[in-house]
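User: I would like to go through this model with you, helices to begin with and then some individual residues. Could you take my questions as they come?

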Amino acid sequence: MATVQLSRSIRIHKTSKKTVFPSQITNEHESLIMVKKLFATSISCITYLRGLFPESSYGERHLDDLSLKILREDKKCPGSLHIIKWIQGCFDALEKRYLHMAVLTLYTNPKEPEKVTEIYQFKFKYTQEGATMDFDSSNTSFESGTNSEDIKKASVLLIRKLYTLMQNLGPLPNDVILTMTLHYYNAVTPNDYQPPGFKEGVTSHFLLFEGEPVNLQVGMVSTGFHSMKVKVTAEATRVSDLQSSLFQESDTTEIAHQGLDCDEEEEERNTDIQKMNFVCSQQSSERSGKKRKVSEPVKVFIPDRK
């Protein structure tokens, strides 16, 4: 499996008309398009470089000098079709400004879905008064009044870092199961809302992690209307060869053992979590007197990846 996964790389191209992101972002609509594309590109990057789906499930697009693989409809691969439906469901929640966080989770035992092996968190914020104040100190986010070129630079850097991380993670087991849970802003999300492809989910009190979990803060992009923050959690043994300086230059990009980033406010509290007790912020929900609304799709089983 390692051969399939790690042999996939970024190809370099001088120019291309098929670009990934919009050329300018001057209003909320253009910002929404940008965030949707950034999210879809990130999910595609993860599934491609982790060797989850065949080459036929991806089209090619370009980002500066990078040749990226983007998920596309492949009727020969039902698993990839499910992922595309998940992405479209996230788009619906983003358009309505309901989506707080999308969590892509990989696990290996269908009888133990709470025992995970990798987690990818995408956290969203919205504002109509300029860029959010939820800034990383890295170069992946910018202050209010940022221009389209700065936003593009931040997006390119985030994708490059995500590619670097995916190419340096150790191989997954042959059989993996994917699921994606959506967490919402309770104050604005109707109780009966479910995006296409999702159903009402159960808020888990905890997730068990196979081995020792290590969190990697990949980065954040802020457009002035939306922001998207990306965090990856994997087993420590899979990131042993990674040049961690890419992800821990500052306090906000440190490698730490923390739970899911589920709070309404941007919490960076260092909650002590045991090796096999990777907690999903239910503690904070209980303190606030309410549970966060959660959606989940039909899980995707990917057997004997080749």
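The conversation below turns to helix geometry, packing, cysteines and selected residues.

User: Before anything else, what kind of model is this?

Analyst: It is a predicted model.

User: Let's take α2. How many residues does α2 have, and what distance does it reach from its first C-alpha to its last?

Analyst: Helix α2 covers residues 28–49, which is 22 residues. From its first C-alpha to its last it reaches 31 Å, close to the 32 Å expected at 1.5 Å a residue.

User: How many of the α2 residues are buried?

Analyst: The count is 18 of 22, and α2 is thus mostly covered.

User: What happens at the start of α2?

Analyst: There, Asn27 places a side-chain oxygen within 3.1 Å of the backbone nitrogen of His29.

User: And just after α2? Which residue takes a positive phi?

Analyst: Gly51 does, with a phi of about 65°.

User: Which other residue has a positive phi, although it is not a glycine?

Analyst: Arg97, again with a value of about 65°. Arg97 belongs to the loop that runs between α3 and β4 (99–107). Its relative accessibility is 25%, so Arg97 counts as partly exposed.

User: Back to packing. At what angle do the axes of α2 and α3 cross?

Analyst: The crossing angle of α2 and helix α3 (residues 78–95) is roughly 155°, and the axes come within 11 Å. Angles over 145 degrees count as roughly antiparallel, and α2 and α3 are therefore roughly antiparallel to each other.

User: What about α2 and α4, how far apart are their axes?

Analyst: The axes of α2 and α4 are 9 Å apart, and the two helices pack at an angle of about 15°. Since angles under 35 degrees count as roughly parallel, α2 and α4 are roughly parallel to each other.

User: Left-handed or right-handed, the crossing of α2 with α3?

Analyst: Helix α2 passes α3 in a right-handed crossing. The crossing of α2 with α4 is right-handed too.

User: Staying with α4, why does its end-to-end distance agree with what a helix should span?

Analyst: Helix α4 (residues 148–168) has 21 residues, and at 1.5 Å a residue these should span 30 Å. Its end C-alpha atoms are 30 Å apart, which agrees.

User: Which residues of α4 are buried?

Analyst: The buried residues include Ile151, Val156, Leu158, Ile159, Leu162, Leu165 and Met166.

User: New topic: cysteines. How many disulfides does a search of the whole structure find?

Analyst: The search finds zero disulfides.

User: Is Cys45 buried or exposed?

Analyst: Cys45 has 1% relative accessibility, so it counts as buried. Cys77 also counts as buried, in its case at 10% relative accessibility.

User: Now some contacts across the sequence. Where is Ile302?

Analyst: Ile302 sits in strand β12 (residues 300–302). With a relative accessible area of 8%, Ile302 is buried. Ile302 and Gly79 are separated by 223 residues in sequence, yet their C-alpha atoms are 7.1 Å apart in space.

User: And where is Gly197?

Analyst: Gly197 lies in the loop between β6 (176–184) and β7 (199–200). Gly197 counts as partly exposed because its relative accessibility is 47%. Along the chain, Gly197 and Pro297 are 100 residues apart, while 6.0 Å separates their C-alpha atoms.

User: Where is Arg238 found, and is it buried or exposed?

Analyst: Arg238 is in the loop between β10 (226–235) and α5 (282–288). At 9% relative accessibility, Arg238 counts as buried.

User: Last one: where is Leu81?

Analyst: Leu81 is part of helix α3. Leu81 counts as partly exposed, at 24% relative accessibility. Leu81 and Ser57 are 24 residues apart in sequence, and C-alpha to C-alpha they are 8.7 Å apart in space.

Notes. Residues are numbered from 1 along each chain as its sequence is written. This is a predicted model: local features need pLDDT of at least 70, side-chain atom pairs count only at pLDDT 80 or more; totals for chains, interfaces and linings use all residues. Side-chain values use heavy atoms; hydrogens and water are left out. Helices (H or I, at least four residues) and strands (E, at least two) are DSSP runs, numbered from the N terminus. The expected span of a helix is 1.5 Å times one less than its number of residues. Buried means under 20% relative accessible area, exposed over 50%, partly exposed in between (1.4 Å probe, protein chains only). A polar contact is a pair of N or O atoms within 3.5 Å; within protein, one must be able to donate a hydrogen and the other to accept it, and residues adjacent in sequence count only if both atoms are side-chain atoms. A disulfide is a pair of cysteine sulfur atoms within 2.5 Å. Axes are lines fitted to C-alpha atoms, for helices over the stretch in contact, and angles run from 0 to 180 degrees between N-to-C directions. Angles under 35 degrees count as roughly parallel, over 145 as roughly antiparallel, 65 to 115 as roughly perpendicular and the rest as oblique. A crossing is left-handed if the near helix is turned anticlockwise from the far one by less than a right angle, and right-handed if clockwise.
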